[in-house]
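Colleague: I should like to learn how to read a model of this kind. May we take it feature by feature?

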Amino acid sequence: MKRFIPSLFVVLWATGFIGARYAMPWAEPFTFLGARFVIAAVIFAFLAVVLHARRLPARTACHAMGAGVLMHGVYLGGTFWAVRHGMPAGLSALVAGLQPLVTAVMAGQLLGEKIQPRHWLGLGIGLAGVILVLWPKFGVAGSGITPATLGASICAVLAISAGTIWQKRHGSGGDLVTGTFWQYVGGAAVAVPIALLFETRTVVFNGELVFAMTWLVLVLSVGAIFLLMILIRDGEMSKVGSLFYLVPAVTALMAWALFGETLSPVQIVGMAITTLGVGLATARAQAPTRARAS
């Protein structure tokens, strides 16, 4: 069943942009995320008890919290804050499309992973496909593109790249359930103080907000993140990171189905190119066949 994990992860991760679109008009970003992280931490604490998950050593738990600060607190915080303050979803997804390249470079420097030329080619093709997918949305940028929103999006990309590397290097050996619990503790340690200090914490409760919170907690914070931890544990970071190239294309398809956003021929071609790039970046080299002695 592990071969289906990458595809399922991409689909689930892409729904995060849809959830953000539903939630952000009704709650401030760090107020919403703080509640989301606390709820997710409670769920994983319950799962740890039910499943008799192993406790983590203090050092490993601290590393998991550090990864959570980056992967949840800074990445989601920066992304939601930028969307809340007018960053167009298309441009935000394009900036997020830089994540595989950043992760590949970091993995080579920090983890010693050797990136093959075909992997670099695949990463480059994937980035070109992402640009094609989002190109028609550039015209609706408007005043939402400011140094603050663009800087928040770039910081978010750097954070999730560094967080996945941190998790791969320091946190892959422990229990996944317990480790994910500590990640959300780290994410809450970022979101909750910011919400208390800098936001009004005004929330408008309605169906869209409840749906967004339920979906993002259960499907993203539990399902997609758990799949990501499995991918990080079992795979090379450059190949795991390349899967994020598929997210903007899948998000565009979802937006077309849910919100009536149109897909141009250029976007469809871009999706195909992105898929080709990811295939090159994640392909395994075929081992030479050894002749058996008679």
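The dialogue below goes from the overall fold to single residues.

Modeller: Please keep in mind throughout that this is a predicted model.

Colleague: How many helices and strands are there in the chain?

Modeller: The chain has 12 helices and zero strands. Read along the sequence, its pattern is α-α-α-α-α-α-α-α-α-α-α-α.

Colleague: What share of the residues counts as buried, and what makes up the accessible surface?

Modeller: Of the 294 residues, 51% count as buried. The accessible surface comes to about 14,100 Å², and carbon and sulfur atoms account for 70% of this area.

Colleague: How should I read a nonpolar core, and which residues have the most contacts inside the largest one?

Modeller: In soluble globular proteins, nonpolar side chains tend to be buried together. Here the largest nonpolar core has 64 residues, and those with the most contacts inside it are Phe-9, Trp-13, Phe-32, Phe-80 and Leu-228. Several helices each supply at least two residues of this core, among them helix 1, helix 2 (29-50) and helix 3 (58-84). Helix 9 gives the most, with 16 residues.

Colleague: Which residues does Leu-228 touch?

Modeller: Leaving aside residues up to four places away in sequence, Leu-228 touches Phe-9, Trp-13, Met-71, Val-240 and Phe-244.

Colleague: How is a pair of aromatic rings described?

Modeller: Such a pair is described by the distance of the centres and the angle of the planes. A search of the whole structure finds eight aromatic pairs. In one of them, the rings of Phe-9 and Trp-13 have centres 5.3 Å apart and planes at 40°, so the pair is tilted. Ring pairs also link Phe-9, Trp-13 and Tyr-75 into a cluster.

Colleague: What span should helix 11 have?

Modeller: At 1.5 Å a residue, the 14 residues of helix 11 should span 20 Å, and its end C-alpha atoms are 20 Å apart, which agrees. Buried residues in helix 11 include Leu-246, Val-247, Pro-248 and Met-254. Just after helix 11, Gly-260 takes a positive phi of about 75°.

Colleague: What does Ala-148 count as, and how far is Ala-148 from Ala-82 in space?

Modeller: Ala-148 also lies in helix 7. With 42% relative accessibility, Ala-148 counts as partly exposed. Ala-148 and Ala-82 are 66 residues apart in sequence, yet 7.8 Å apart in space, C-alpha to C-alpha.

How values were computed:
Residues numbered from 1 in each chain as written. Predicted model: local features only at pLDDT ≥ 70, side-chain atom pairs only at ≥ 80, totals over all residues. Heavy atoms only, no water. Helix = DSSP H or I, 4+ residues; strand = E, 2+ residues; numbered from the N terminus. Buried < 20%, exposed > 50% of the residue type's maximum accessible area, 1.4 Å probe, protein only. Areas by Shrake-Rupley, 256 points an atom, 1.4 Å probe, with all protein chains shown as cover. Phe/Tyr/Trp six-rings, centres within 6.5 Å; stacked < 30°, edge-to-face > 60°. Core = buried A, V, L, I, M, F, W, Y, C linked by side-chain atoms within 4.5 Å. Contact = heavy atoms within 4.5 Å. Expected span 1.5 Å × (residues − 1).
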